[in-house]
Structures are given as C-alpha cells and as structure tokens.
Amino acid sequence: MAKQEDVLKKIISHAKEYGFVFQSSEIYDGLSAVYDYGPNGVELKKNIRDYWWKSMVQFHENIVGLDAAIFMHPTTWKASGHVDAFSDPLIDNKDSKKRYRADVLVEDFMAKIEAKIEKEVTKAKKRFGDAFDEQQFRETNPRVLANMKKIEDIKNRLYPAMDSEDMEGIRQLIIDLEIADPISGTKNWTEVRQFNLMFSTSMGSTADSATEIYLRPETAQGIFANYLNVQKTTRMKIPFGIAQTGKAFRNEIVARQFIFRMREFEQMEMQFFVRPGTEMKWYEYWKDARMKWHLSTGIPADKYRFHDHDKLAHYANAAADIEFEFPMGFKELEGIHSRTDFDLKAHEEYSNKKLRYHDPEINESYVPYVVETSIGLDRMFLAIMSHAYTEEKLEDGSERIVMKLPPFLAPNKVAVFPLTKKDGLPEKAREIMDGLKQDYMCFYEEKDAIGKRYRRQDAIGTPYCITVDHQTLEDNTVTIRERDTMKQERIAIDKISGIVGDRLKVR
Ligand code: GAP
C-alpha cells in the first residue's frame, strides 16, 4: 500500500478513536460518504467556521451574513443551470454491477501512467546520485517521453468529449484503453449516461399536491435569491459581500477519501457583488485575500498552491482553486470564481423580477457581477487535521501522537489537572478551572498518572495543560505545559488567563 494512503488511514482511525469523526450510522454498518462529528470534531469544526466568519464578516464592514434555508423553490435550480448541467458521466460494469464515474476511470488510468513516470525518475535519481539532472531526464528519457505522450493523447480525447457531452466518445476511450473493472476484472461496460448530482425529495402532504424539490447542492443560490433583500435592508453599496455557511448535498458517485468528498457536507461561501467591468480586479483581490487567510493558520505556504482553471463552469469567466497537499496529494480545497452576472440574470429571467442595483456613483442601474469564494468546511477540517497529525519519537525512547493544531482552533484550549486526588489539590484545580472556563473551552481530569493525562491531551491537540501541585497551595503558582515543546513553566494563577489569551492570538 502507498505510504500516503497509510497516513490517511492513520488519520481516519485517530479521528475515530479521539472523538473527532465517526462514520454515520455505524451501528448499521455505516452510510457511504456520510460522517458525524464527535465531541472534539464539533469543536474544531466550529472554531474553523467561526474563524472564517470573523475574517469575512467581522473584519469587513462591507460584508454581511445570511442563513438561507436548505430548501428553495424548485425553479431556483432550473435558473441556476443545476437541473440541466449539474451532472457526472456514469458507466456500469455489467458483471460486478458496480457504477463508476466514467471520467474518473480514465483519470485513474492516467494516474497509473503518471506513477510509472515517477517510478522511473526515482530509480534514475538513486542510480545517478548527486549528478542527476531531473529536468533533463524528464525531457530526454524515451520511456518517460512515451508515457507523457500517452497521457497527452488521452487528455486530448477525454476533455473535448467531456466538454461536448459526447458520452459515446468517453465510452470508446474506456474501451480503447482496455480499462477493466477493478472488482470483476472484466471490460463488460454499459453505455455512459449523464447522472444529475442533486438529491430530490417531495414537499407537500398528499401525493397529488406534492412538489419535487431539491436539497441545495451549493449555498450560493440562497445568497443570489436574497441579494436585493439584504442590500435594501442593510443599505449596502457596491462593492459588498454576503457570507453564509451551511449544509450542501450532492449525490457523489465516487465518494471516497474520508471527509474529502461527502454526500452531505458544509460550505462557507461569500458572494461579492461588484460593478460590471471591475470583476477581474476583485477576482485577483479575493484570490490573494483567501490565500493569506489560509497562511494565517500557520500552515506553511508550500502546502498550498493555485490551480487556474482552463475548463470553466457554465457560469464563470475566470476560476481558480486553492489546492492543499492532502495525504492523497494536492487537491482542491477552495474555489474562487468570477461568476459574471450569470446567476442574477437567470433569476431575473425565471422569476420575472428585476434584480438590478442602482449605482448612485454613476447613476446607472445594472445587474451586478459576482466574485465568489467557496470553501468546504469539512475539507478545511481534513486539511487542518492532516497537517496537525504528528508521530514523535521522544528523547527517552517513548513515542507520542500529537495533534499540532493551530492553538486558536484546538477543541480544548486548556486542560487543568490536580497532580494527585488528595490534599486539597482537586478543589484548587476546580477553582482554577471554573475561572478559566468563562473564557476558554477547558477540560478537567484527575484520573491516571500525569504523564498519561498529558498524552491524551496531546492526542487531541490541547495547546496548554495546567497542573496544580503542592507548591500551588503554598504560593498560588501552577505549571503550564506547552503541547509542542512539552516545556513547563511556573506561573502565578492570576496570570494564567492573560498568558493563554496572548498565546492564542492569531499572528
Ligand atoms: N458555489 C460554488 C461551488 O459550490 P464547488 O467547487 O462545486 O463550487 C466549492 O464547491 C467547495 O465545496 C469545494 O472547493 C470543496 O471544498 C467543497 N466541496 C464540494 N463538493 C464537496 C463534497 N462532495 N464533499 C466535501 N466538500 C465538497
């Protein structure tokens, strides 16, 4: 098994063991690609959400919040293009009866060729040592060149076929590449069909009166439908933004890689309404601002990169992803899209309502253009977890697993321990805990040796542990232990809150 998959497996089992993430309905053998957040997970998720909200709404006077309903009038999704265009190409294997995304079968095939190239490069690196010139090798080695050409040829067939919705073309590519079903091992494929990713349900008390409605596949449409309500009630002037966090639902076919791709997930989206013609300036502004937000968590810059889209969604005139290096490699974490006036114009047309903004500066009415930032909260959670997960060998030969979470995002900020269960230490520790919990999420424990208690807090990422010992009773001081360095200092009880507060600040 590849090493990266090992890391993801370890994170999944750690997330379960320490109450971060559980498989949904586990007692019934689980529901695929649906997850529940446990007591530590819910705190971490809330802290990420709050940090996003603070950066967007609290720090920008021209961005306000919204909490629109998950259910929307079904015409919303006709207007937005989701009924007609929000689909994936599917293919079934007749022997295993398994269903696959046809484009993913081809992409996996290309990834195998890519892996062959990387193997060739690694072998050569070992053989030539310091004298190895990787770029020259990639540009001249006949096997590498042949494999790169194979990938190029496949891309030249796959992407045009996807763009023109040529289902037969995609199927023929699978046949020509002799791709076999990983389960049955056969090449006995059905036709390729488009499959809409929206979940539908019916609203209404009787079968006759019921209307088919959809669970929203993105939170953005609730913002578009409300943009004039918000603008009028807040008297916002363009440029201004509306931020929203909430659940979205997609009937993903290829649901794997833990909480990376789920069927029920949470988005944090912001639509920024701008004067037409200024959208590229704002698009660049938000690309830069969002990358800075990611770096402000303390995760190093080399874990992130931009991927500018060549193939644009039906609503966009420019789009980029912020990709993060997950254990499975670099993958999309957030999208920044210049959505033009596509959505508002479509809602004007379908609703027959004017959605224009009167711009007092130029005395003109127009449909604003929109620049969107859209990040998956669960994906951000996985990014933070996977970067934080650390296995350490200590000087005394023992090992520990420590979640090096950014301290301000950690589920508990402080753990308070009496050294022993007697001599009045628990009472003193409780008194300290009661004071601290007014300001911070705290955890109290008196069971087991102090070393074991420290390890348990390391494993969930608690940045500070306060220990009350016999000296505390004499001089009102405690020790404060820092998670990453494991160093302890002695400080006065009345200084704890200030010291912790200062260290939790986002730098
Ligand atoms: N409103 C634009 C929009 O929804 P998107 O690229 O489809 O754009 C935005 O989704 C973000 O939502 C992605 O970058 C990703 O972080 C998250 N996301 C999308 N599908 C997801 C899924 N099935 N599971 C978890 N997160 C998902």
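Q: Leaving aside its neighbours within four places in sequence, which residues is Leu44 in contact with?
A: This is a predicted model, so keep in mind that we're reading computed positions. Leu44 is one of the residues that touch the most other members of the largest nonpolar core, which has 58 residues. Skip the neighbours within four places in sequence, and its contacts are Phe20, Phe381, Ile384, Met385, Leu405, Leu409 and Pro411.

Q: How far apart should the ends of helix α7 be, at 1.5 Å a residue?
A: Helix α7 runs over residues 142–163, which makes 22 residues.

Q: Which residue caps the N-terminal end of α7?
A: Look for a side-chain oxygen by the start of the helix: one lies 3.0 Å from the backbone nitrogen of Arg143. The residue that owns this oxygen is Asn141.

Q: Which helices are included in what covers the buried residues of α7?
A: The buried residues of α7 are Val144, Asn147, Ile151, Ile154, Leu158 and Ala161. Their cover includes three helices, at residues 102–128, 134–140 and 167–176: α5, α6 and α8.

Q: Is Ala33 buried or exposed?
A: Ala33 is found in the loop between β1 and β2, and its phi is positive, near 65°. Asp29 lies in that loop between β1 and β2 too, but Asp29 counts as exposed because its relative accessibility is 74%. Ala33 has a relative accessible area of 7%, so it is buried.

Q: Which strands are at the edges of the five-strand open sheet?
A: The order across the sheet is β20-β19-β21-β22-β23, with mixed pairing. One of the pairs, β22 with β23, is antiparallel over five bridges, and Thr479 stands opposite Arg490 there. An edge strand pairs on one side only, and that picks out β20 and β23.

Notes. Residues numbered from 1 in each chain as written. Predicted model: local features only at pLDDT ≥ 70, side-chain atom pairs only at ≥ 80, totals over all residues. Heavy atoms only, no water. Core = buried A, V, L, I, M, F, W, Y, C linked by side-chain atoms within 4.5 Å. Buried < 20%, exposed > 50% of the residue type's maximum accessible area, 1.4 Å probe, protein only. Contact = heavy atoms within 4.5 Å. Pairing = 2+ DSSP bridges. Helix = DSSP H or I, 4+ residues; strand = E, 2+ residues; numbered from the N terminus. Expected span 1.5 Å × (residues − 1). Polar contact = N/O pair within 3.5 Å; in protein donor to acceptor, adjacent residues only side chain to side chain.
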